[in-house]
Amino acid sequence: MSFEGQKILPAIRSMKDFDKMLETSFQYGVFLDLHVGMLKSVFEYARKENRKMFLHLDLIHGLSSDEYATEYICQEIKPYGIISTKGNVIKKARQKGIFSTQRMFVIDSSAMNRSIELIHKTDPDFIEVLPGVIPKIIAEIREKTGKPIFAGGLIDTVEEVESALEAGATAITTSDRVLWKHFDQN
């Protein structure tokens, strides 16, 4: 999936960030750090504005990120997709027909190998690799899993975005508005 040519998936930490995203041509993004009480209204607003938003389930305040919460989110909130580090969340989202993104932190080769094993079990639609500034690792994970990759974390420059994309990343998740502006197709 190419996200209609969109190279950046804006990572939204506040409603102010979301309002800034609405000033761009980006159609896809990621909600981070939301309070459970805001979910319904935030996603209604996003749909009204024709935005397709992933929800980072592990970062919802006031809601445990388990398969029960995932089922609730998929049935009641209906995000475009979810992001999680937890295999049971990924499996439940896939069962409910919601795009799933397995987030993996690559801190050493052992962590990478465990994450790849989990990915083979959960079969997510996407993988988010953090930190996203290691093109060699992006290429290796893409090769070993065959899954589209989001690169995120510690990406600060246009050159780092381009390197991650050249290594095989499908898109870059970032809250850096300077990068949003640079890659906005408006």
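Me: Which residues of helix H1 (residues 15-22) are buried?

Reply: The buried residues of H1 are Asp17, Phe18, Met21 and Leu22. Buried means under 20% relative accessible area, exposed over 50%, and partly exposed in between, with a 1.4 Å probe and protein chains only. Helices (H or I, at least four residues) and strands (E, at least two) are DSSP runs numbered from the N terminus. The model is a predicted one, in which local features need pLDDT of at least 70 and side-chain atom pairs count only at pLDDT 80 or more, while totals for chains, interfaces and linings use all residues. Residues are numbered from 1 along each chain as its sequence is written, and side-chain values use heavy atoms, with hydrogens and water left out.

Me: Why are the buried residues of H1 said to line one face of the helix?

Reply: Seen down the axis of H1, they fall within an arc of 145 degrees, so they line one face. The arc is that of the directions from the helix axis to the C-beta atoms. These residues pack against strand E1 (8-12), strand E2 (28-31), H2, E3 and helix H8 (177-183); contact means heavy atoms within 4.5 Å.

Me: What makes the buried residues of helix H3 (residues 67-77) a one-sided set?

Reply: The buried residues there are Ala69, Thr70, Ile73, Cys74 and Ile77. Down the axis of H3 they fall within an arc of 130 degrees, so they line one face of the helix. Their cover includes helix H2 (39-48), strand E3 (52-56) and helix H4 (87-95).

Me: Why is Lys92 called buried?

Reply: Its relative accessible area is 17%, and the limit for buried is under 20%, so Lys92 qualifies. Lys92 is in helix H4 and, leaving aside neighbours within four places in sequence, is in contact with Glu67, Thr70 and Glu71.

Me: What makes the largest pocket, with a volume of about 270 Å³, a pocket and not a cavity?

Reply: On a 1 Å grid over the protein atoms alone, a cavity is a set of points where a 1.4 Å probe fits but cannot get out, whereas a pocket is an open set with protein on both sides within 12 Å along at least five of seven lines; lining residues have an atom within 4 Å of a point. The largest pocket is lined by 20 residues, of which Ala11, Arg13, Arg103, Gly153 and Thr173 lie nearest its centre.
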